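I opened the model and kept short notes on what I looked up. The entries follow the order in which I went through it.

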Amino acid sequence: MSDADVHIPVQSVDEARTLLGPLDSNARLVRELHGISVLARDGSLRLLGDAGHVQIVQQVFEECLSAMRAGRRLSTQEVGQKLRATVPYEATGGVAADGDRSGRPAPVGGVVVRARTAGQQVYLDAIENHDVV
């Protein structure tokens with residue numbers, strides 16, 4: 001698909017904060033899950049990247065904005081959950097949108113740890129398969 005550049009107008013700084021999350025955690029999540037950039041400029045959020053992924057994130061953000069403007073209090077965590085739900089189970093390294101790891105306990109702090117080297121993968125597998133490492 002081709003690249004897209006979409007502007008989503010926000011009416012207040014609070015709307016942008018809710019969508020982007022604390023310390024832009026949801027913006028980082030969008031970048032990690034969908035490979036698109038989120039910029040907050042001049043009263044709007046700008047989505048840059050693959051058209052298909054931009055459309056998905058745009059839909060989530062607009063649904064969240066509609067809910068907030070209708071008077072519903074929406075947390076940044078809820079926005080993050082909605083963003084995670086847009087990614088198939090296989091694409092998240094075996095972690096479902098709700099954090100379910102096939103019966104395994106959820107990672108501490110809700111952060112999914114991925115190995116960068118073969119040695120790290122061996123260590124993560126040992127943690128997964130044994131009570132004491």
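This is a predicted model: local features need pLDDT of at least 70, side-chain atom pairs count only at pLDDT 80 or more; totals for chains, interfaces and linings use all residues.

Entry 1, a residue to start from. I looked up Arg-72 and found it partly exposed, with a relative accessible area of 43%. The side chain of Arg-72 meets that of Glu-78 in a salt bridge, 2.8 Å from N to O. A salt bridge here is a side-chain nitrogen of Lys or Arg within 4 Å of a carboxyl oxygen of Asp or Glu. Glu-78 is partly exposed as well, at 24%.

Residues are numbered from 1 along each chain as its sequence is written, and side-chain values use heavy atoms, with hydrogens and water left out.

Entry 3, the overall layout. I noted 5 helices and 3 strands in the protein. Both are DSSP runs numbered from the N terminus: helices are H or I with at least four residues, strands are E with at least two. Along the sequence the pattern reads β-α-α-β-β-α-α-α. Of the 133 residues, 30% count as buried.

Entry 4, the other salt bridges. How many salt bridges does the structure hold? I found 4. Side chains of opposite charge can pair when their charged atoms come close. In one of the bridges, Arg-17 pairs with Asp-14, and the closest N and O atoms are 3.2 Å apart. These two residues sit 3 apart in helix 1 (residues 13-20), so about one helical turn separates them. Arg-17 is exposed, at 54%. Another bridge joins the side chains of Arg-69 and Glu-15, 3.0 Å from N to O. That pair links distant parts of the chain, with Arg-69 in helix 3 (residues 51-69) and Glu-15 in helix 1, 54 residues apart.

In helix 2 (residues 25-34) I listed Asn-26, Ala-27, Leu-29, Val-30 and His-34 as buried. They lie on the same side of helix 2, because they cover an arc of only 155 degrees around the axis; the arc is taken from the directions from the helix axis to the C-beta atoms. The buried residues of helix 2 pack against helix 1, strand 2 (37-41), helix 3 and helix 4 (76-84). Gly-35 follows helix 2, and its phi is positive, near 70 degrees.

Helix 3 has 19 residues and reaches 26 Å from its first C-alpha to its last, close to the expected 27 Å. The expected span is 1.5 Å times one less than the number of residues. Its buried residues include Val-54, Phe-61 and Met-68. Gly-71 follows helix 3, with a positive phi near 105 degrees.

Leaving aside neighbours within four places in sequence, Leu-48 is in contact (heavy atoms within 4.5 Å) with residues including Asp-5, Ile-36 and Val-54. The C-alpha atoms of Leu-48 and Asp-5 are separated by 4.8 Å, although the two are 43 residues apart along the chain.

Conventions. Buried means under 20% relative accessible area, exposed over 50%, partly exposed in between (1.4 Å probe, protein chains only).
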